Amino acid sequence: MTASKLVYKPVGLALGALSGMFAGVLFKQAWKMIGRDGDAPDATDEERGWGEVVTAAALQGAIFAGTKAIVDRAGAAAIRSLTGTWPG
């Protein structure tokens, strides 16, 4: 395993946790703007329809995946600037 990969492991774990928290905040704000309720529906919420539940899940997935990709890419670029090699 290269030095850049060893350096990136703990950085990647920390960034993953932070990106998850940040994505959660982004999703809550996005849902407040488009949803009829303040809280996003759970899949088992009987009062909400299929369209609303699936829309919330798709939006949440897109926000989490996009946020994770941005943070992972920025972390890898930062490691490359420090070590001179890409950690992937």
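## Basis and secondary structure

Helices (H or I, at least four residues) and strands (E, at least two) are DSSP runs, numbered from the N terminus. By that rule the chain has 2 helices and 0 strands.

This is a predicted model, in which local features need pLDDT of at least 70 and side-chain atom pairs count only at pLDDT 80 or more, while totals for chains, interfaces and linings use all residues. Residues are numbered from 1 along each chain as its sequence is written, and side-chain values use heavy atoms, with hydrogens and water left out.

## Overall dimensions

The C-alpha trace spans about 55 × 20 × 15 Å along its principal axes. The radius of gyration of the chain is 17 Å, whereas a compact globule of 88 residues would have one near 12 Å (taken over C-alpha atoms; the globule rule is 2.2 Å times the number of residues to the power 0.38).

## Contacts and surface

Of the contacts (heavy atoms within 4.5 Å) between residues at least 6 apart in sequence, 56% join residues at least 24 apart. Buried residues make up 24% of the 88 residues; buried means under 20% relative accessible area, with a 1.4 Å probe and protein chains only.

The accessible surface comes to about 6100 Å², and carbon and sulfur atoms account for 65% of that area (Shrake-Rupley method, 1.4 Å probe).

## Residue E52

E52 lies in helix α2, which covers residues 50–83. E52 is buried, because its relative accessible area is 16%. Apart from neighbours within four places in sequence, E52 is in contact with W31, R36 and P41.

Conventions. Buried < 20%, exposed > 50% of the residue type's maximum accessible area, 1.4 Å probe, protein only.
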